[in-house]
Amino acid sequence: MSKAAELAALIGSQTALSNRNLVINGAMQVAQRGTSFTGVGNGDSAYYLDRFKFGESGSPEGVYTISQDSNAPNGFGNSMKIDCTTAESALAANEMTRIIYSFEGQDLQRLKKGTSDAETMTFSFYIKSNLTGTAIVGFYDQDNARYVAKSYTIDSANTWEKKILTYPADTTGAFDDDNASSMQFWMFLQAGSDVTSGTLPSTWESLTAANYAVGQTINVGSSTSNEILITGVQLEVGEQATPFEHRSYGDELAACQRYYETSTATDFFSGLGGGDAYLSHEFAVVKRAAPTMTYTVSQSSGSINSLTASQDHYRWAISGTSVGAWGGVLVKADAEL
């Protein structure tokens, strides 16, 4: 092979391996909301580390601390840690606790779901826990109410292990080609009998609650000694897992900011006279959709009449301003799925 042909083959192989991970922030690098959250429980369903939601349903009693942790396997700098701080007295039948991740439909078109050319997909991740036993990862097709799940085992306590799960193609039910949530994965941390009493669906089927997490024995809420750490989360097309696709912090931050962004303005309205004023600011990244806006102000003598936003900017309408009247405005834009 000539040098030119070798170079072309090398470039081709690198191109094929780039942009293959459908999961954003799989290495748990980005934590815009904060790096440690205590008292998580009582039916919480919220994002903590970017793009990863901790979701409880039923009648949970367990309370957790969720954090970005430096304990990670070789080649990674961070993990997401779920640490039980108040244990369950008993696991209720209607209870389940999950890590949830949502995908936009337009990002899933490469799976060709709902066609005769539908692709298999492979899910991989690193996990470490004091617990050993069986846990379930399920994929939920929200557009067509279909579901598939696989089990894995944590074999050795307090040891980083890589898990690889391959899911079959589905020729039924295409994903919508839009910016709404079309698919989620659910990584079960505990599951009651309402979602473990059926048969685990190893192929895609209509959504049935009793089949969600059949075989789950891991119960993170059973003791305050329990903790689970996860990183290196990857979803890709095909039957083979490839090495984790490491992306730069800047690239991952920008991808996360499509869904959530924070910014701080110091002396935001400094220099304005009395009366009404309007100020517009561009987001660092165009949002998935027009976000919900919230803000806190550490110093003010005027009032905000409105705070509105489109996908690319937000706009303040303020009144009663004076020089130096405003400072330390923390703005949060939420366009999460």
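Predicted model: local features only at pLDDT ≥ 70, side-chain atom pairs only at ≥ 80, totals over all residues.
Reader: In which sense do strand E1 and strand E4 pair, and which residue is the bridge partner of phenylalanine 37 in E4?
Author: Strand E1, which covers residues 36-41, pairs with E4 in the antiparallel sense, and the pairing extends over 4 bridges. Within that pairing, phenylalanine 37 has its bridge partner in E4, and the residue in question is isoleucine 66.

Reader: Over how many bridges do E4 and strand E5 pair?
Author: Threonine 65 has a bridge partner in E5, namely aspartate 83. That strand, E5, runs over residues 79-86, and its antiparallel pairing with E4 comprises 7 bridges.

Reader: Why is strand E4 said to be largely enclosed by the rest of the structure?
Author: A residue is called buried when its relative accessible area is under 20%. Strand E4 spans residues 63-69, and it counts as largely enclosed by the rest of the structure because the buried residues among its 7 number 6.

Reader: What is the order of the strands in the open sheet of 7 strands, and which strands stand at its edges?
Author: The open sheet is built with antiparallel pairing, in the order E2-E3-E6-E11-E8-E9-E12. Each edge strand has a single partner strand, so one side of it is left without a neighbour in the sheet, and the two edge strands are E2 (45-47) and E12 (205-206).

Reader: Which residue in E11 stands opposite serine 102?
Author: Strand E6 (residues 96-104) and strand E11 (residues 181-191) pair in the antiparallel sense, with 9 bridges between them. Opposite serine 102, on the E11 side, stands glutamine 184.

Reader: Is lysine 163 buried or exposed, and how does its salt-bridge partner aspartate 155 compare, buried or exposed?
Author: The two side chains meet in a salt bridge with an N to O distance of 3.2 Å. Lysine 163 has a relative accessible area of 9%, so it counts as buried. Aspartate 155 has a relative accessibility of 53%, and the residue is therefore exposed.

Reader: How far apart in space are threonine 153 and lysine 163, C-alpha to C-alpha?
Author: Threonine 153 has its place in strand E9, residues 146-154, and with a relative accessible area of 34% the residue is partly exposed. Not counting residues up to four places away in sequence, threonine 153 touches Gly133, Thr134, Glu161 and Lys163. The separation from lysine 163 is 10 residues in sequence, and in space, C-alpha to C-alpha, it is 8.4 Å.

Reader: How many residues apart in sequence are the parts tied together by lysine 287 and glutamate 261?
Author: The side chains of lysine 287 and glutamate 261 form a salt bridge at 2.5 Å, N to O. Lysine 287 belongs to the loop between strand E15 (277-282) and strand E16 (292-299), whereas glutamate 261 belongs to strand E14 (residues 260-265), so the parts that the pair ties together are apart in sequence by 26 residues.

Reader: Which residues are linked with Arg33 in a network of salt bridges?
Author: The charged end of arginine 33 sits over the ring of tyrosine 260, 3.8 Å from its centre, and arginine 51 lies over the face of tyrosine 259, at 3.8 Å from the ring centre. Both arginines also belong to a network of salt bridges, in which the residues linked with Arg33 are Asp50, Arg51 and Glu336.

Reader: Which members of the largest nonpolar core touch the most other members?
Author: Phenylalanine 123 has a relative accessibility of 0% and therefore counts as buried. Leaving aside neighbours within four places in sequence, its contacts include Val137, Phe139, Ile164, Leu165 and Phe185. The largest nonpolar core has 49 residues, and those that touch the most other members are Phe123, Phe139, Met183 and Phe185.

Reader: How are the rings of phenylalanine 123 and phenylalanine 125 arranged, and what is the angle between their planes?
Author: Across the whole structure, a search finds 21 aromatic pairs. The ring centres of phenylalanine 123 and phenylalanine 125 are 5.5 Å apart, and the pair is classed as tilted because the angle between the planes is 45°.

Notes. Residues numbered from 1 in each chain as written. Heavy atoms only, no water. Buried < 20%, exposed > 50% of the residue type's maximum accessible area, 1.4 Å probe, protein only. Pairing = 2+ DSSP bridges. Salt bridge = Lys/Arg side-chain N within 4 Å of Asp/Glu carboxyl O. Core = buried A, V, L, I, M, F, W, Y, C linked by side-chain atoms within 4.5 Å. Contact = heavy atoms within 4.5 Å. Phe/Tyr/Trp six-rings, centres within 6.5 Å; stacked < 30°, edge-to-face > 60°. Lys NZ or Arg CZ within 6 Å of the ring centre and 35° of its normal.
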